[in-house]
Amino acid sequence: MTLTTAPGTPAAAAARETHETSPVLPLPAPLASGAAVLGGLLAAASAAMSWTWTSDFPGDLTYYGSPAGLQWLALVGGLLTALLALAARGLKGLRWLSPSGGNNGVLFAALGTLAVCWYAVVAIAVELDGLVNLDPGGWLAAAGSLIAVLGALGLPLDRRRAVRHPELHWGLYAALLVSLVLRVGLGQGWALHAVPPGIRPLFSENLWFFVAVPLVIAALRLWRLLDAWLRLGRIERPLPAARKLPAWVEILVVTAVFAVGLGVVEFGVSTEYGELFVGFLLLAVFATAALLASGAVARLRELTSRHRAVTTGAAFAAAGAFPFTQGSETYVLIGTNILIFATVALGLNVVVGLAGLLDLGYVAFLGVGAYAAALVSGSQFSVFSGVHLPFPVAVLVGALAALVFGVVIGAPTLRLRGDYLAIVTLGFGEIFRIAMNNLDGRSGPSLTNGPNGIASIPDVNLLGFDFGEAHDFAGLHLGKNGNYLLLMLVATAIVVTVFGRVANSRIGRAWVAIREDETAAEAMGINGFRVKLIAFALGATLAGLAGAVQAHVSGAISPDQYLFSSPTPPNSAFLLAAVILGGMGTISGPLVGAALLFLIPAKLEFLQQYQLLAFGVALILLMRFRPEGLIAGRRQQLEFHEADAELPAQAAPIDDVPTKAGA
């Protein structure tokens, strides 16, 4: 819950009535603070000790004085907890880390450290068959992280005065009982007699489901009990004025932050096994929450808003440096695919986030651009194999082809609204895929080589620079995937620039008006059909541009790459989810959402079978706890969480465009 506590505002009175600052555990303040610092330092110190005696656990945690794998995460989490606890106490030199003066950040950092350390302990015990495999470092990590959490719970925290949860429906308890009975009955075999023979394997091979249902219900009940006990809330205090620094110092700070961000991303992408990536996700989530609660992110936002050009340049410079930090081309290829996915998601954000048009067939425009560019790029499998246009011209052809399709599809359908428009766009996406399958010279005209697609698309060659070959610059090695990552970074920069310019333009404001209330916008003189058609055409053009680059990056395209839903992104369902997950109507939101939705399935291979199930659960939780998305500006948060709060009258920045739920 977000409350503004500026004196004299209605929100300040609401904060006094609904929130309080009090500890969860009745501990003396010095003892609680000392325990938080000591626990964090113990968890960090455990990284220099052996966690298990055998190297069978991934990462080889058997060495003293040489952290590896999950130990690095414990080191970072423990140090962050200790530093935040000292900063909250007002230690000189660390106040910049906790400008809000609250202690919730300390608790979140301690919980992140606890999650990483105890996850490692449980994983070692499960994979190596018993706690006997733990060395002193593992025990110290578990004990230290627990001490840090207990100490943080004894600090004065921002809490709600009361928590009201509706009682769980009796049907959930009935489902729990039925699931347990079926699990026992199916496991012993006697319940299978009531199941028709044709579908018995469906039940006998998926016994996990009848265990998962009770676990989910129990987790929900446990969460409610924990929430009622902790009553954690958020009182957003006005940050004290920062000490004025020279401009060059602020620029150095922004640059250093992006350098740290590059290191974090590099660590996450290059994780070699699932246990380490899960630990990385746990720590990243809690550390982000800790820095948000401490006010450090808000302070950084002040700096970046004063130096927007430097911020943008530092972000792209960090992304451009990524391939030079990787020792494996596999990880660079993951980064390239993330950029492709993110760029297409940002194009969809024009249609969904700004104009509020629910497009369920957007991936078809990606395919139109890819096929158009592949046909004129000199592939021997193209019906125009004699045509080999330069890469910039081929990209332009792909973008224009997608633009034409966007206008042709949008003109007759954009008079529809809501679900009807969604159904039509879904149909277009399926029609495109089926048409590409049938244009093989047998079922239809010979154009796309049918299900086999178009392979052997030549590598890009610009001004004598062959993107298909490795290059060395001043001792730095850049492989083929690195070349294409930099090329895709240029495409992303173009799409970001177009989105930013258009979102702040007159047409961008018209899109927002149409999204919020089309009838009211038309009553004010906005031509709704024309405005929506422009949004549809621009979104299609950006997707076509990304598709043309994707065709050259992958070297081959086929119809099965452009589905509505599949375990492998990009597809229409995942693109839409990336926009909603990240934050509709913003620039950074879809980029972050797309990166997460691509990286998590790529790293957690054991979830491949249940990827869509996990994906659906994640979206449900997101819509329940953060409907505005992971990255949302102040205006989005006010709209979703404080409907009665007064919105600022001035124009909002790009990442602060108010977003309508369910647009």
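Let's start at Gly295, which sits in the loop between helix 10 and helix 11 (296-306). Helices here are DSSP runs of H or I with at least four residues, strands are runs of E with at least two, and both are numbered from the N terminus. This is a predicted model, in which local features need pLDDT of at least 70 and side-chain atom pairs count only at pLDDT 80 or more, while totals for chains, interfaces and linings use all residues. Residues are numbered from 1 along each chain as its sequence is written, and side-chain values use heavy atoms, with hydrogens and water left out.

Is Gly295 buried or exposed? Gly295 is buried, because its relative accessible area is 5%, and buried means under 20%, exposed over 50%, and partly exposed in between (1.4 Å probe, protein chains only). Leaving aside residues up to four places away in sequence, Gly295 touches Pro99, Ser100 and Leu239; a contact means heavy atoms within 4.5 Å. Ala355 lies 60 residues from Gly295 along the chain, and their C-alpha atoms are separated by 32 Å.

Now move to another loop. Ser270 is found between helix 9 (247-269) and helix 10 (274-294). With a relative accessible area of 18%, Ser270 is buried. Its contacts, again not counting residues up to four places away in sequence, are with Gln326, Tyr331 and Lys603.

Next come the charged residues. Side chains of opposite charge can pair when their charged atoms come close. A salt bridge is counted when a side-chain nitrogen of Lys or Arg is within 4 Å of a carboxyl oxygen of Asp or Glu. How many salt bridges does this rule give? The count comes to nine.

One of them joins the side chains of Arg160 and Asp227, at 2.6 Å from N to O. This pair links distant parts of the chain, with Arg160 in strand 2 (residues 157-160) and Asp227 in helix 8 (residues 208-230), 67 residues apart. Arg160 counts as buried at 19% relative accessibility, and Asp227 counts as buried at 10%.

Another salt bridge brings together Asp459 and Lys480, at 3.6 Å from N to O. Here Asp459 lies in the loop between helix 16 (418-438) and strand 3 (461-462), while Lys480 is in helix 17 (residues 480-503), 21 residues apart. Asp459 is partly exposed at 33% relative accessibility, and Lys480 is partly exposed at 34%.

Finally, look at Glu516 and Arg515, whose side chains meet in a salt bridge of 2.9 Å, N to O. Glu516 is partly exposed at 30% relative accessibility, whereas Arg515 is buried at 5%.
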